[in-house]
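Thanks for passing this one over. Have a look at the sequence and the model first, then read my notes alongside.

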Amino acid sequence: MNIRNFCIIAHIDHGKSTLADRLMEITGTVDKREMKSQLLDSMELEREKGITIKLTPVQMNYKGYELNLIDTPGHVDFSYEVSRSLAACEGAVLVVDASQGIQAQTLANVYLAVEANLVIVPVINKIDLPAANVEKVSSEIVNLLGCKAEDILKVSAKTGEGVEGVLDAVVERVPEPSGVADGPLRALIFDSYFDDYRGVVLYVRVVDGSLRKNETIRMMAASANGIALEVGKLSPQMVAKPELLTGEIGYIVTNLKTTREAKVGDTVTLAKYLKEAK
């Protein structure tokens, strides 16, 4: 399985969204003409204030690997969004500002990642700044994670220096997703929202099995049935696919009328499996 699911965690303003921009640029996920700063921050408030509020998934292709990145908020008020992202991943890229070092929210997010048993890839960002103190920040990270100094990647997301090494580290260090490809569908809902034109859209991580377009799905906790009108990947716009496979992160457009029928944390399966069980 050439799939890697990971998120980026950091304190606010440590360059997390800029790093996500560079990763998408290097992998050719977004055309250079369409590239703009903070591309995954789609809300006007996010762009105006320069902070991430909503988690945003994006699928990238790199050296034959499918990399699913979830950009997470850095502000303390949105730690619930971070915990939801971690539940869908096997790894986390920890970004620390070379001029500021480890901050309070950095610690909080690291503890969340450790609790979720994620592999942490440490990255020192903004090494191009005059105030950067790479050695001091390196020793802080070593003390926090217990890793080796040579395991820490040093990058400048602004200039692109060293950023390709982050992609290589994700491929090498983050484990592939485990799951039963030919088993019954089991997918985790880690976000959902209502679209005025399309209805309820689910962001899911497929744990076991697969899901095809037009199959009847069942939300286990909510005991609600629906139809997968469309399934696909986010890159970062919605791109329809015939099916979602084990280990993948993607979206499901449903015919549900309210997000109360598809709550975050619920498990999606196929309605036919419940009939077979009876």
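My points follow, starting with the overall picture and then going through some side-chain pairs and the cysteines.

1. First, a caveat: this is a predicted model, and side-chain atom pairs count only at pLDDT 80 or more. Please keep that in mind when reading the distances below.

2. On the overall make-up, the protein chain has seven helices and 15 strands. It runs to 278 residues, and 51% of them count as buried. The accessible surface comes to about 12600 Å², with 49% of that belonging to carbon and sulfur atoms.

3. Now the charged pairs. The count comes to nine salt bridges, and I'll go through three of them here.

4. Glu140 and Lys136 form a salt bridge, with 3.0 Å from N to O. Both residues sit in helix H5 (residues 134–145), four residues apart, or about one turn of the helix.

5. Glu243 and Arg212 make another salt bridge, at 3.7 Å from N to O. Arg212 comes out as partly exposed because its relative accessible area is 45%.

6. Glu248 and Lys241 are joined by a salt bridge as well, at 2.9 Å from N to O. Which side of the cut-off does each partner fall on? Glu248 is at 4% relative accessibility and therefore counts as buried, whereas Lys241, at 21%, counts as partly exposed.

7. Cys89 is in no disulfide, and the nearest cysteine sulfur, that of Cys7, lies 4.3 Å away.

8. Last, cysteine burial. Cys89 has 6% relative accessibility, so it counts as buried. Cys147 also counts as buried, at 19%; with the limit set at under 20%, that value falls on the buried side.

How values were computed:
Residues are numbered from 1 along each chain as its sequence is written. This is a predicted model: local features need pLDDT of at least 70, side-chain atom pairs count only at pLDDT 80 or more; totals for chains, interfaces and linings use all residues. Side-chain values use heavy atoms; hydrogens and water are left out. A salt bridge is a side-chain nitrogen of Lys or Arg within 4 Å of a carboxyl oxygen of Asp or Glu. Helices (H or I, at least four residues) and strands (E, at least two) are DSSP runs, numbered from the N terminus. Buried means under 20% relative accessible area, exposed over 50%, partly exposed in between (1.4 Å probe, protein chains only). Accessible areas come from the Shrake-Rupley method with a 1.4 Å probe; for residues, only the protein chains shown count as cover. A disulfide is a pair of cysteine sulfur atoms within 2.5 Å.
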